[in-house]
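Morning, everyone. Let's look at one ligand site and then one residue away from the topic.

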Amino acid sequence: MSSKHAPLLAPSLLAGDHANLAASVRLVEDLRLPWLHCDIMDGHFVPNLTFGPETLAALRRAGSKLFFDTHLMLSEPHRYVEPFAKAGANLISIHIEPDYDHTATLTRIRALGCQCGIVLNPGTPARAVEKVLPLVDLVLVMTVQPGFGGQSFRRDMLPKIEQLRDWRAARGLAFRLEVDGGVDLHTGPECAAAGADTFVAGSAFFRAADKPAFATAFSRL
Ligand code: DX5
Ligand code: ZN
């Protein structure tokens with residue numbers, strides 16, 4: 001049985017106002033969008049740094065009830081799943097590329113009470129995650145090389161999204177299929193046509209002059 005999830009827009013806090021993250025979070029809440037994408041970078045797996053679990057915990061303390069879709073861009077994600085779970089992450093996604101025990105880490109994320117996701121860089125083929133597909137709630141296909149917001153969408157990732165959609169249907173799986181990087185009002189519909197149902201948008205969301213219209217467009221994909 002193939003799964004069809006309702007489309008979800010997950011604004012990326014990376015493109016928010018880092019001097020006032022709570023205000024950026026409120027912008028998302030005011031639109032009644034349920035998800036917030038939190039990008040965690042270690043300056044090693046990717047050439048950039050962002051924030052850690054304390055920031056998520058502080059946003060929770062400030063009252064946010066958003067679903068924290070936490071994208072760990074870390075060389076050693078297994079060392080950090082527990083602090084992020086304790087800080088209030090709802091879903092924790094880990095990359096397939098670094099060498100660590102992916103299965104054990106996904107299982108650990110579940111045991112900590114979170115949903116779990118697996119992420120593929122643009123250069124990583126779909127078959128690299130085939131083995132873990134039955135274990136995950138979400139597969140994240142990077143549509144840019146991770147590390148920075150504001151990059152151009154990689155259209156050559158569309159066949160990978162289609163492949164994962166087809167495997168999901170053929171194998172009776174139900175993971176969400178998320179895209180991240182360069183997603184906007186033009187590229188979002190292309191991803192949806194390829195099978196994506198969960199759309200991370202950083203720059204395009206925070207720069208949109210009409211955010212309600214932007215959110216509505218994604219709710220109709
Ligand atoms: C990139 C991050 C993305 C980033 C997307 O490494 O994983 O989540 O915020 O930003 P935009 O939407 O600006 O490409
Ligand atoms: Zn991300």
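**The ligand shell**

Strand β2 gives the most to the shell around ligand 1, with 3 residues. Strands here are DSSP runs (E, at least two residues), numbered from the N terminus.

Some ground rules. This is a predicted model, where local features need pLDDT of at least 70, side-chain atom pairs count only at pLDDT 80 or more, and totals for chains, interfaces and linings use all residues. Residues are numbered from 1 along each chain as its sequence is written, chains are lettered from A and ligands numbered from 1 in the order written, and side-chain values use heavy atoms, with hydrogens and water left out.

How many residues surround ligand 1? The count is 20, and the closest are Asp39, Gly147, Asp180, Gly202 and Ser203. To be near, a residue needs a heavy atom within 4 Å of the molecule.

Now polar contacts, meaning pairs of N or O atoms within 3.5 Å. Aspartate 39 puts a polar side-chain atom 2.7 Å from a ligand 1 oxygen. For histidine 37, an N or O atom of the side chain is 3.4 Å from an oxygen of ligand 1. Histidine 71 also has a polar side-chain atom 3.4 Å from a ligand 1 oxygen. Alone, ligand 1 exposes 380 Å², and the protein buries 99% of that. Areas are Shrake-Rupley with a 1.4 Å probe.

Last, arginine 176. This residue lies in strand β7, residues 176-180. Arginine 176 counts as buried because its relative accessibility is 14%; the cut-off is under 20%, with a 1.4 Å probe and protein chains only. From arginine 176 to phenylalanine 206 is 30 residues in sequence and 23 Å in space, C-alpha to C-alpha.

Key. Polar contact = N/O pair within 3.5 Å; in protein donor to acceptor, adjacent residues only side chain to side chain. Helix = DSSP H or I, 4+ residues; strand = E, 2+ residues; numbered from the N terminus. Buried < 20%, exposed > 50% of the residue type's maximum accessible area, 1.4 Å probe, protein only.
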